[in-house]
Amino acid sequence: MSRKRRQTPHQPAPAERTYATQAEELEALAREYPEDREEILVEAAGSWNDAEEYDRALALYQQLLDTRCEQPHLIEAYRISTLWDAGRTEEAREAAGVLRRQHPTDPDAWNFVAEALESAGELHDAADWFTAGTTHLLGPATPATRTAVEHTADPDGIEMLVIGRHQVRRRLGQPHDDLDNLADELHEHRPALLRGPGALDDLHNPDHLRAAESGDPELLLASIENLTAEVAARKAALSRPRMTCALFWPETEFTQLLGQWPTLGNDYGTEHHDHIHRVEEILRRLSDEGEPHLGIAQGDVADFAVFTREEGLTPQDGGTRAEYAADLAARGRAQTWPPPRNSPCWCGSSRKYKKCCGSPATA
């Protein structure tokens with residue numbers, strides 16, 4: 001059962017109808033075809049909601065609930081969504097709490113309430129509903145895997161929950177966890193027409209979502225163009241030879257980095273000149289070992305914080321910093337090492353490389 005606008009088997013299709021007219025016709029149709037009464041009245045309530053006749057929509061949902069409908073949890077989720085639309089937020093919250101304690105087994109019921117909360121801007125509550133629905137329907141002890149989802153009674157419904165959760169958490173700036181990784185995997189295995197361009201993180205980019213919600217054609221077009229450019233850049237990066245990068249922090253970034261994560265001084269040293277020396281030393285060693293395509297990626301603390309948050313990684317871990325350097329290289333934000341001997345040094349000193357970090361005296 002769905003509240004999406006669609007034509008029932010018995011429904012005529014006039015050329016022009018308002019939502020209110022459509023709702024009245026559907027109520028009459030329900031009396032004519034009692035065997036399809038529940039489905040038709042759900043459509044009628046949805047039309048009253050679209051017409052902003054919220055009391056009439058709520059009355060129909062209540063009528064269905066009072067007559068032992070086949071899908072009471074889903075009908076109640078529709079009713080809660082209409083309460084939100086009507087601005088009756090306290091009633092909606094109370095009803096949502098009652099529904100949740102009933103542990104619905106229909107993913108659509110969880111989805112509909114979560115989406116209503118998201119539309120109302122209640123993002124933390126929406127994320128909580130998406131999480132609770134997913135955990136309840138998968139089972140708290142079930143591994144968060146695509147195989148586990150496929151073996152549930154309604155894999156499509158759970159996929160919607162997991163991917164909806166990913167979108168809300170992306171908007172909140174929360175780090176990836178196991179369920180977000182599951183969302184990525186489910187998205188990658190969707191049919192091409194459902195996937196769209198890029199990874200799920202691209203599609204759920206908060207800037208892109210805000211542009212889509214704004215209704216501004218110019219803003220939306222700019223967002224689409226940016227997304228297309230991002231996807232093209234990633235494809236181009238994949239076609240380039242792999243670059244092994246050392247991560248270098250300019251002095252102001254270095255100071256900020258150690259201020260935020262002091263233990264990184266154990267790896268980088270506590271003085272910036274020590275850090276510069278270590279970067280050059282690492283690259284010379286890799287070169288001596290025959291490593292091709294060496295480079296230097298210049299770190300940015302704010303960008304690094306976003307990267308670790310979105311990827312769910314620990315900043316203090318050496319592997320995390322290596323991944324960040326590789327990500328910078330993939331985004332075209334790395335320079336080849338060594339630079340020409342008469343070119344400015346990579347460390348930013350303004351001296352020639354041969355008289356700075358490239359001098360034999362620094363070896």
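Start with S350. Its relative accessibility is 67%, so S350 counts as exposed. The cut-offs are these: buried is under 20% relative accessible area, exposed is over 50%, and partly exposed lies in between, with a 1.4 Å probe and protein chains only. S350 is not a glycine, yet its phi is positive, about 80 degrees. It sits in the segment after β3.

A word on what we are looking at. This is a predicted model, where local features need pLDDT of at least 70, side-chain atom pairs count only at pLDDT 80 or more, and totals for chains, interfaces and linings use all residues. Residues are numbered from 1 along each chain as its sequence is written, and side-chain values use heavy atoms, with hydrogens and water left out.

Back to the backbone. Most residues other than glycine have a negative phi, and most peptide bonds are trans. H293 also has a positive phi, near 55 degrees, and is not glycine. You will find H293 in the loop between α17 (272-288) and β2 (294-298). At 45% relative accessibility, H293 counts as partly exposed. Then there is a cis peptide bond, between W337 and P338, with omega about -5 degrees. P338 is in the segment after β3.

Stay in that segment for S359, which follows β3 (334-336). Is S359 buried or exposed? Buried, because its relative accessibility is 15%. Not counting residues up to four places away in sequence, S359 touches R284, Y353 and K354. Contact here means heavy atoms within 4.5 Å.

Now the whole chain. It has 19 helices and three strands. Those are DSSP runs numbered from the N terminus: helices are H or I with at least four residues, strands are E with at least two. Of the 363 residues, 42% are buried. Take the contacts with a separation of 6 or more: 58% of them join residues 24 or more positions apart. The chain exposes about 19500 Å², and carbon and sulfur atoms supply 50% of that. Those areas come from the Shrake-Rupley method with a 1.4 Å probe; for residues, only the protein chains shown count as cover.

Next, the sheet. What is the strand order? It runs β1-β2-β3, an open sheet of three strands with mixed pairing. Two strands pair if DSSP finds at least two bridges between them. β1 (244-248) and β3 are at the edges with a single partner strand each, so one side of each has no neighbour in the sheet. From one strand to the next, the twist averages 30 degrees. For angles, axes are lines fitted to C-alpha atoms, for helices over the stretch in contact, and values run from 0 to 180 degrees between N-to-C directions. β1 and β2 pair in the parallel sense, over five bridges. A246 stands opposite I296 in β2.

Two helices to point out here. α17 packs on the sheet and touches β1 and β2; its direction makes about 170 degrees with that of β1. Helix α19 (residues 318-330) also packs on the sheet, touching β1, β2 and β3, and its direction makes about 110 degrees with that of β1.

On to the cores. A nonpolar core is a set of buried Ala, Val, Leu, Ile, Met, Phe, Trp, Tyr and Cys residues joined through side-chain atoms within 4.5 Å. The largest has 35 residues, and I80, V113 and W129 have the most contacts inside it. Several helices each supply at least two residues, among them α4 (72-85), α6 (107-119) and α9 (155-172). Which helix gives the most? α7 does, with eight residues. Beyond its neighbours within four places in sequence, I80 contacts A92, A95, A96, L99 and V113. A second, separate core has 18 residues, including A45, W48, A57 and C69.

At 0% relative accessibility, L161 counts as buried. Outside four places in sequence, its contacts include P107, W110, F130 and L137. L161 and A132 are 29 residues apart along the chain, with C-alpha atoms 9.6 Å apart.

Last, confidence. pLDDT is the predictor's confidence in each residue, from 0 to 100. The chain's mean is 83, and 82% of its residues reach 70 or more. Helix α3 (residues 54-66) is highest, at 96, and helix α11 (residues 192-195) is lowest, at a mean of 53. Over residues 4-15, pLDDT is below 50, and this stretch has 25 contacts in the model beyond near neighbours in sequence. Residues 237-241 also stay under 50, with five contacts beyond four places in sequence.
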